[in-house]
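Hello,

Here is the structure I promised to pass on to you. Please have a look at it first, and then read my notes below.

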Amino acid sequence: MKVQFTETVLRDANQSLIATRLPYETFAPILETMDQAGFYSVECWGGATFDVCFRYLNEDPWDRLRKIRKAMPNTKLQMLLRGQNILGYHHYPDDVVRKFVEYSVKNGIDIIRIFDALNDVRNIEVAVDEAVKWDAHASGAISYTTSPVHTREKYVEIARDMQKMGVQSICIKDMAGIMGPQEAYDLVGSLKDALELPVVVHTHSTTGLAFMTYLKAVEAGADVIDTAISPFSGGTSQPATETLCYALKQLGYEVGLNEDRLKEIADFFKPVRDQFIADGTMMPKSMATDTQCLSYQIPGGMLSNLLSQLKMMNALDRFDEALAETPRVRADMGYPPLVTPTSQMVGVQAVTNVLQGERYKKVSSEIKAYCRGEYGRTPAPIDPEIKAQILGDTPEVEGRYADTLEPQFETAKQELGEKATCDEDVLSWIAFPQIAEPFFEKRKEQEENRAVYTIEEME
Ligand code: CO
């Protein structure tokens with residue numbers, strides 16, 4: 001019996017506990033050790049890392065990836081991609097998705113975990129196709145949620161579609177940590193029965209279920225689990241790597257991990273974590289167990305967003321109403337899984353409905369786009385009356401939204417001209433124009449200063 005581990009400290013743990021603020025220079029010294037630990041893969045890129053590198057860390061995310069690749073030649077590097085949204089919050093044209101996948105692989109990524117917020121497989125098809133073309137491992141991720149329409153049969157059907165597209169593994173992505181041990185056991189079992197693919201399970205410790213969930217998932221035949229090295233584990237992050245290694249070995253599983261290396265990695269990250277606690281980046285709240293998500297079926301991050309939104313509006317006393325309105329909006333919208341960007345859209349609408357005193361009197365442009373079908377097919381139909389009220393005369397999207405988008409890469413490249421020094425720059429700019437451009441300017445300045453310095457040195 002064998003089970004393998006994906007280490008998340010550089011991406012999901014980093015994102016969930018300290019808002020992705022870990023700079024490359026901080027973790028660089030431990031990469032060589034991590035390379036010898038025997039991980040199935042190290043998740044190190046995608047999700048919010050790309051955005052945050054530019055916005056807060058003054059780092060080129062592509063450069064970060066190349067450096068990690070060089071320091072870890074023996075370990076598979078993994079990234080998280082939001083399908084047709086790549087790393088942003090709306091749909092991009094196919095040529096951009098393809099270029100993004102191509103350059104991710106060329107810069108060092110081995111495994112691309114691809115998901116869609118609505119589980120509309122048409123939104124991951126192009127990314128999967130391109131990953132396969134470049135010999136990368138495309139992992140099809142199911143956004144896990146619970147609702148009357150999210151049955152085990154439905155999940156198996158989604159996974160089957162993904163298998164047909166050519167994914168090499170299926171991942172159950174439980175972003176809110178709400179999947180219980182029995183649900184995990186049943187779903188992993190069904191996927192293993194129905195498909196010929198390895199099954200990866202991803203959850204969060206938020207509600208405290210994660211250790212039990214992983215154990216039952218492994219018993220049902222899960223091939224890979226996502227964990228975080230202990231100093232960056234627990235709470236909104238993943239459960240600890242060392243603990244699961246210990247427990248699963250005791251149960252007779254072959255885990256392939258080097259425990260001495262794990263200890264070195266943990267020793268390295270302890271003072272790093274303490275630093276983030278000391279400066280207030282890592283908050284006790286994100287380290288704690290929060291079972292509210294189990295009763296409300298609302299991810300932890302969304303609860304804190306609701307709170308801060310109401311606080312801004314001076315309406316904290318309406319919290320209970322907003323909380324009760326959230327599942328109603330989600331039902332009206334056809335039960336989308338609550339993950340970026342649908343979680344933000346549903347949360348904002350619930351608060352608006354409560355504060356306006358009339359439901360859907362005001363809607364965001366995102367909700368309108370959602371009702372038009374710009375985000376894809378919803379799990380269940382949107383309530384027809386509400387949809388009619390929101391859309392008015394606005395026509396709905398027919399077919400797949402990205403098919404209506406003009407190619408963007410070449411025009412962006414021309415527009416940028418010399419500001420972009422490579423195709424990766426063009427992609428950075430397409431994904432995050434407002435933050436990539438100042439970054440390019442700063443980088444150029446730094447390089448020019450360096451050049452002057454070199455000339456002086458030569459003299
Ligand atoms: Co996650």
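Let me start with Asp12, which is buried at a relative accessible area of 4% (buried means under 20%, exposed over 50% and partly exposed in between, with a 1.4 Å probe and protein chains only). His204 is buried as well, at 5%.

A word on the source: this is a predicted model, in which local features need pLDDT of at least 70 and side-chain atom pairs count only at pLDDT 80 or more, while totals for chains, interfaces and linings use all residues. Residues are numbered from 1 along each chain as its sequence is written, and side-chain values use heavy atoms, leaving out hydrogens and water.

Now to the metal site. The cobalt ion is coordinated at 2.1 Å by Asp12 (OD), His202 (NE2) and His204 (NE2); donors are N, O and S atoms within 2.8 Å of the metal (3.2 Å for Na, K and Ca), and since water is not among the atoms, sites may look incomplete. Asp12 sits in helix 1 (residues 12-18) and His204 in the loop between strand 7 (199-202) and helix 10 (210-219), so this pair ties together parts 192 residues apart in sequence.

As for the whole protein chain, it has 22 helices and 8 strands (DSSP runs, numbered from the N terminus: H or I of at least four residues for helices, E of at least two for strands). Of its 459 residues, 56% are buried. Among contacts with a separation of 6 or more, 76% join residues 24 or more positions apart, where contact means heavy atoms within 4.5 Å.

Best wishes
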